[in-house]
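Here is a short report on charged side-chain pairs and their surroundings. Please keep the model open while reading.

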Amino acid sequence: MIRWRTGSKWSHVAILDTDDAHVIEAKGGFGVLRSHLSEFEARYREIEYREIDGDIGRAVQLIGKPFDNVGIKGVFFRSFKHCPDSWFCSELVAYSTSFIPDEFAQYQTPETLYRLSRQCTKTLQLSAPVTTAVE
């Protein structure tokens, strides 16, 4: 549904943690959490790792915050309403970037973040080549 409404190949984004074994993500029904990379990879049929300038510490500080159900509906219905202390996936990643102003984080989608990111140059010791994923 997200892919269709946003015209994107991608339905989800997450941040690869500095240990290369976990991701920080905002997951529906759970909120902001730190997931093991193998569990994340198992949920998606295709994953592409991309780079985007930011501060992972901003995302880490939000672990435990609730999922932004109002915000994800806002993206879907183009109202862009959101709950300021709740997060959906692309809002979390956008908030953690160094160049998207905080007040514009709720307007970002997996597609806009994909377009703002660049091909990954870091050598990953992983089973698949996380920023974008397809269910």
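## The E48–R50 pair

E48 and R50 form a salt bridge, with their closest N and O atoms 3.4 Å apart. A salt bridge here is a side-chain nitrogen of Lys or Arg within 4 Å of a carboxyl oxygen of Asp or Glu. E48 is partly exposed at 23% relative accessible area. R50 counts as buried at 16%. Buried means under 20% relative accessible area, exposed over 50%, and partly exposed in between (1.4 Å probe, protein chains only).

This is a predicted model: local features need pLDDT of at least 70, side-chain atom pairs count only at pLDDT 80 or more, and totals for chains, interfaces and linings use all residues. Residues are numbered from 1 along each chain as its sequence is written, and side-chain values use heavy atoms, leaving out hydrogens and water.

## Pairs across the sequence

D102 and R58 meet in a salt bridge at 2.9 Å, N to O. D102 lies in the loop between α5 (89-96) and α6 (110-116) and R58 in helix α3 (residues 56-60), so the pair ties together parts 44 residues apart in sequence. Helices (H or I, at least four residues) and strands (E, at least two) are DSSP runs, numbered from the N terminus. D102 is partly exposed at 37%.

K65 pairs with D85 in a salt bridge, closest N and O atoms 3.2 Å apart. K65 sits in the loop between α3 and α4 (69-77), D85 in the loop between α4 and α5, 20 residues apart. K65 is partly exposed at 26%, and D85 is partly exposed at 45%.

## Network and total

E25, K27, E39 and R43 are linked in a network of salt bridges. The count comes to eleven salt bridges.
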